[in-house]
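Try each task yourself before reading its solution.

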Amino acid sequence: MSYITTVTGKHFDPMNPTEQEIDIFDIAHALSLICRGNGHIRFFYSVAQHSISCAEEAIARGYSSEVTLGCLLHDASEAYLSDVTRPVKKELPRYLQAEKNLQNEIWKHFIGRELTEGERRQVFEIDDIMLCAEFHQLMPEELSDDYRKLLSNFVCVYQEPRIVRERFIQLQRILKNEINFREAQQLMRAEENAGRLRGLIGELEEYYTSDEWKRDFAADEAGQLPENLRRGVLSEDGIYNLLEEYKERG
């Protein structure tokens, strides 16, 4: 058999991924149930929690929404490939190539493009620092004191996987729509690429009129989202004005 069956019932071939089979629920669900450190930590702490913490650190550093979403999704390939410990992974060139290919497809699917080399460096610098912080809090030894470089308030605690899954999906949704919101603003100002702009406006209008936007807006009002999160898409005036301006242009 050349595929795995995901929790949503998709047949996914990790060696030959197709964009239409990549699903945020599958990713968030699987990562919320996969333990960091191959299980060699003091209590269950999921890959999804690690990924959310990386995204929150990117937000604290003022990085772009693209880098922040890149951080959230940097281990998303593990939802389909599973993880391999670093000493073994380096001896598996075919696995490394499959991981690279799949990760790039996931980034392109959710971010709209591959990350630049500079953006990748930002993502993986945070990943390494977060690993040091996890060693400090969850392991019997220190990896380094690089965890002191964190700007976010990072604490390892057990969280129920279902809650982590929903948090992961919510953050991905907000970041993706924030990227769309800013790109639509730029295209409106430049008065170019009408087809792309029309598609972005359609996605933003669908989000703005959905129950998901109402829940995200309520979560923001309740102080449940990171303080420095870019939230143009969660500004009711901002997204409403953008949609109305587009309609007025005809």
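**Exercise 1.** Find which helix Met130 lies in, and decide whether Met130 is buried or exposed.

*Solution.* Start with the helix: Met130 sits in H7. This is a predicted model, where local features need pLDDT of at least 70, side-chain atom pairs count only at pLDDT 80 or more, and totals for chains, interfaces and linings use all residues. Residues are numbered from 1 along each chain as its sequence is written, and side-chain values use heavy atoms, leaving out hydrogens and water. Next, the surface: Met130 has a relative accessible area of 0%, so it is buried (under 20%; exposed would be over 50%, with a 1.4 Å probe and protein chains only). Now the neighbours: leaving aside those within four places in sequence, Met130 is in contact (heavy atoms within 4.5 Å) with His50, Ser53, Cys54, Glu57, Leu150 and Phe154.

**Exercise 2.** Work out how H2 and H7 are arranged.

*Solution.* Take the angle: H2 (residues 47-60) and H7 (residues 117-138) pack at about 120°, with axes 10 Å apart. Then look at who touches whom: H2 brings His50, Ser53, Cys54, Glu57 and Ala58, while H7 brings Ile126, Asp127, Met130 and Glu134.

**Exercise 3.** Which residues have the most contacts inside the largest nonpolar core?

*Solution.* They're Ile27, Leu73, Ile106 and Phe168, in a core of 73 residues (buried Ala, Val, Leu, Ile, Met, Phe, Trp, Tyr and Cys joined through side-chain atoms within 4.5 Å). Helix H8 (residues 161-190) gives the largest share, eleven residues.

Technical notes: Axes fitted to C-alpha atoms, helices over the stretch in contact; angles between N-to-C directions. Helix = DSSP H or I, 4+ residues; strand = E, 2+ residues; numbered from the N terminus.
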